[in-house]
Amino acid sequence: MGSPNDQAVLQAIFNPNTPFGDVVGLDMEEDAGKEETDEDGIFPRAQLEQSKALELQGVMAAEAGNLNTALERFGQAISLLPERASAYNNRAQARRLQGDVAGALEDLERVLALSGGRGRAARQGFVQRGLLARLQGRDDDARSDFEQAARLGSPFARRQLVLLNPYAALCNRMLADMMGQLRSPSNGR
């Protein structure tokens with residue numbers, strides 16, 4: 001079933017009570033802002049502002065636990081700019097929280113198609129799809145998605161790759177056991 005550490009990671013990510021979109025370290029990258037503006041430069045300003053505002057309302061609704069409202073807002077943002085990947089990433093998260101894994105995966109495929117597998121939207125899409133694969137026990141698919149996200153600069157994906165490496169996991173466990181023995185020498189006196 002995986003080490004307690006794996007379980008903790010999955011628990012943190014797939015617990016509906018964690019703040020919406022709060023996959024630790026997903027947006028820690030310095031270049032995220034610059035990249036995103038470049039990606040958004042192709043859209044008409046007015047629609048872009050409106051779409052972003054709807055997305056923000058959706059995120060706030062999701063964080064307040066109103067997933068239906070959130071899905072509605074993300075849907076409106078998507079209708080406004082169907083070629084912009086960002087809202088699909090958010091809707092995928094809301095769908096996953098509702099237990100609609102198929103819908104979430106569909107949205108993530110769209111993200112990766114629209115982003116051409118590049119930039120911040122793709123990075124988030126790969127991370128989310130990797131997490132879903134991991135949840136479904138498809139470790140090879142997860143590994144491949146995390147590798148793509150890591151290549152796009154996601155420290156979170158790099159940590160997931162370490163967790164998915166059976167040798168690293170084994171070494172960590174052996175190391176932990178050794179450290180435990182060093183800390184509490186058997187009371188042989």
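User: In which hand, left-handed or right-handed, does helix 7 pass helix 8?

Analyst: This is a predicted model, and the two elements in question are helix 7, covering residues 119-135, and helix 8, covering residues 139-151. Where helix 7 passes helix 8, the crossing is left-handed.

User: How are helix 7 and helix 8 oriented to each other, roughly parallel or roughly antiparallel?

Analyst: Helix 7 and helix 8 pack with their axes 8 Å apart, at an angle of about 160°. Angles over 145 degrees count as roughly antiparallel. The orientation of helix 7 and helix 8 to each other is therefore roughly antiparallel.

User: By class, how many charged residues has the contact of helix 7 with helix 8?

Analyst: From helix 7 the contact is made by Arg123, Phe126, Val127, Arg129, Gly130, Leu131, Ala133 and Arg134, and from helix 8 by Asp139, Asp141, Ala142, Asp145, Phe146, Gln148 and Ala149. Sorted by class, the contact of helix 7 with helix 8 has seven nonpolar and two polar residues, and the number of charged residues is six.

User: Which residue has a side chain joined to that of Arg129 by a polar contact of 2.7 Å?

Analyst: Arg129 is found in helix 7, and, leaving aside residues up to four places away in sequence, Arg129 touches Leu105, Leu108, Glu109, Leu112 and Asp145. The side chain joined to that of Arg129 by a polar contact of 2.7 Å belongs to Asp145.

User: At roughly what angle do the axes of helix 6 and helix 7 cross?

Analyst: The crossing of helix 6 and helix 7 is left-handed, and the two helices are roughly antiparallel to each other. Their axes come within 9 Å, and the crossing angle is roughly 150°.

User: How many nonpolar residues has the contact of helix 6 with helix 7, by class?

Analyst: Helix 6 contributes Val101, Ala104, Leu105, Leu108, Glu109, Val111, Leu112 and Ser115, while helix 7 contributes Ala121, Ala122, Gly125, Phe126, Gln128, Arg129 and Leu132. In this contact, three residues are polar and two are charged, and the number of nonpolar residues is 10.

User: How are helix 5 and helix 6 oriented to each other, roughly parallel or roughly antiparallel?

Analyst: The axes of helix 5, residues 86-97, and helix 6, residues 101-115, come within 8 Å and cross at roughly 165°. The crossing of helix 5 and helix 6 is left-handed. The orientation of helix 5 and helix 6 to each other is therefore roughly antiparallel.

Notes
Residues numbered from 1 in each chain as written. Predicted model: local features only at pLDDT ≥ 70, side-chain atom pairs only at ≥ 80, totals over all residues. Heavy atoms only, no water. Axes fitted to C-alpha atoms, helices over the stretch in contact; angles between N-to-C directions. Helix = DSSP H or I, 4+ residues; strand = E, 2+ residues; numbered from the N terminus. Parallel < 35°, antiparallel > 145°, perpendicular 65-115°, else oblique. Left-handed = near helix turned anticlockwise from the far one by under 90°. Contact = heavy atoms within 4.5 Å. Nonpolar A, V, L, I, M, F, W, Y, C, P; charged D, E, K, R; others polar. Polar contact = N/O pair within 3.5 Å; in protein donor to acceptor, adjacent residues only side chain to side chain.
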